[in-house]
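Please keep the viewer open as you read.

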Amino acid sequence: HNVDALARRHRVYVPDVVGFGKTDKPDTEYTAALFSTFISDFMRALNIEQPTLIGNSLGGGIALQGGSLTLSTSLVSSNRAVFQTVGPIRGGGIHCTDGGRIELLASSRILANSAGGGSGGGLHLEKSCELHVSSNTFDLPSEIDNNRAELGGGVFARNSKLVLRGDFHTPVRVRRNLAEAESGGTATGGG
């Protein structure tokens with residue numbers, strides 16, 4: 001466990017998602033949308049605005065379904081998607097589907113995440129999601145760096161919109177991502 005080491009320098013919250021650990025176990029379908037809503041409600045209730053999100057196994061990916069996530073000066077790091085209840089493994093760092101919107105602003109980093117054997121090591125976008133990543137001169141660059149997957153090591157986007165905005169002095173960096181099959185940095189496509 002890294003909680004004690006992280007807690008020496010940071011405020012650390014370790015919630016169990018609904019249905020796991022010491023949380024309630026309602027008789028409902030446990031979906032990515034349910035988990036996403038639970039974590040979003042948790043952060044909203046505690047007024048957490050600039051989180052650094054770290055997860056393990058199922059918690060390794062943040063699943064967004066028709067929702068939105070804005071991260072500013074934030075880090076999503078060292079997450080690993082290793083199990084999906086339906087279909088292939090997707091989105092080691094962040095998984096967005098069904099029209100969700102993600103904004104990474106001002107020095108945000110998607111770093112060292114993995115979707116082993118699946119797609120979108122850093123981010124997986126599908127079904128009309130939007131990802132907007134920006135950097136400006138006054139900040140450190142936003143980065144999608146050192147992520148790994150079978151397809152789309154950094155970002156996998158299908159039927160989705162990906163916008164990267166930097167300037168001459170502070171670019172958005174997509175680098176050092178690895179895909180075992182193809183498209184180390186980004187993989188995009190329709191259908």
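## Contacts that hold the eye

Asp41 is partly exposed, with a relative accessible area of 39%. On this scale, buried means under 20% relative accessible area, exposed means over 50%, and partly exposed is in between (1.4 Å probe, protein chains only). The model is a predicted one, in which local features need pLDDT of at least 70 and side-chain atom pairs count only at pLDDT 80 or more, while totals for chains, interfaces and linings use all residues. Residues are numbered from 1 along each chain as its sequence is written, and side-chain values use heavy atoms, with hydrogens and water left out.

**Salt bridges**

Asp41 has a partner: its side chain meets that of Arg44 in a salt bridge, 2.9 Å from N to O. The term stands for a side-chain nitrogen of Lys or Arg within 4 Å of a carboxyl oxygen of Asp or Glu. By this rule the count comes to nine salt bridges. Arg44 and Asp41 are three residues apart in helix 2 (residues 32-45), which separates them by about one helical turn. Arg44 is exposed, at 59% relative accessible area. Helices (H or I, at least four residues) and strands (E, at least two) are DSSP runs, numbered from the N terminus.

| Salt bridge | N to O distance |
|---|---|
| Arg44 and Asp41 | 2.9 Å |
| Arg173 and Glu143 | 3.4 Å |
| Glu143 and Arg175 | 2.7 Å |

Arg173 and Glu143 form a salt bridge. Arg173 lies in strand 15 (residues 173-175) and Glu143 in strand 11 (residues 143-145), so this pair ties together parts that are 30 residues apart in sequence. Glu143 also meets Arg175 in a salt bridge. Because Glu143 lies in strand 11 and Arg175 in strand 15, that pair ties together parts 32 residues apart in sequence. Salt bridges that share partners join Arg109, Glu143, Asp145, Arg173, Arg175 and Arg176 into one network.

Is Glu143 buried or exposed? At 7% relative accessibility, Glu143 counts as buried. Arg173 is partly exposed at 32%, and Arg175 is partly exposed at 31%.

Ser108 is buried, at 2% relative accessibility. Leaving aside neighbours within four places in sequence, Ser108 is in contact (heavy atoms within 4.5 Å) with Leu71, Ser72, Thr73, Ser74, Pro141, Ser142 and Glu143.

**The disulfide and the nonpolar core**

What joins Cys96 to Cys129? A disulfide does, with 2.3 Å from S to S; the term is used for a pair of cysteine sulfur atoms within 2.5 Å. The structure holds one disulfide. The link of Cys96 and Cys129 is left-handed, with -95° about the S-S bond. Cys96 lies in strand 5 (residues 94-97) and Cys129 in the loop between strand 9 (123-126) and strand 10 (130-134), so the pair ties together parts that are 33 residues apart in sequence. Both Cys96 and Cys129 are buried.

The largest nonpolar core has 17 residues. Such a core is a set of buried Ala, Val, Leu, Ile, Met, Phe, Trp, Tyr and Cys residues joined through side-chain atoms within 4.5 Å. Those with the most contacts inside this core are Ile94, Ile102, Leu104, Ile110, Leu123, Leu125 and Leu131. Strand 3 (68-72), strand 5, strand 6 (101-105), strand 9, strand 10 and strand 13 (155-158) each supply at least two residues of the core. In soluble globular proteins, nonpolar side chains tend to be buried together.

The structure holds one aromatic pair. Tyr13 and Phe42 form this pair edge-to-face, 5.9 Å centre to centre and with 80° between the planes. Rings of Phe, Tyr and Trp (its six-membered ring) pair if their centres lie within 6.5 Å; planes under 30 degrees apart count as stacked, over 60 as edge-to-face and the rest as tilted. Tyr13 lies in the loop between helix 1 (3-7) and helix 2, and Phe42 in helix 2, so the pair ties together parts that are 29 residues apart in sequence. Tyr13 is partly exposed at 37%, and Phe42 is partly exposed at 24%.

Asn47, in the loop between helix 2 and strand 1 (52-53), has a phi near 55°, a positive value in a residue other than glycine. Asn47 is exposed, at 56% relative accessibility. Ser128 has a positive phi of about 70° although it is not a glycine, and Ser128 lies in the loop between strand 9 and strand 10.
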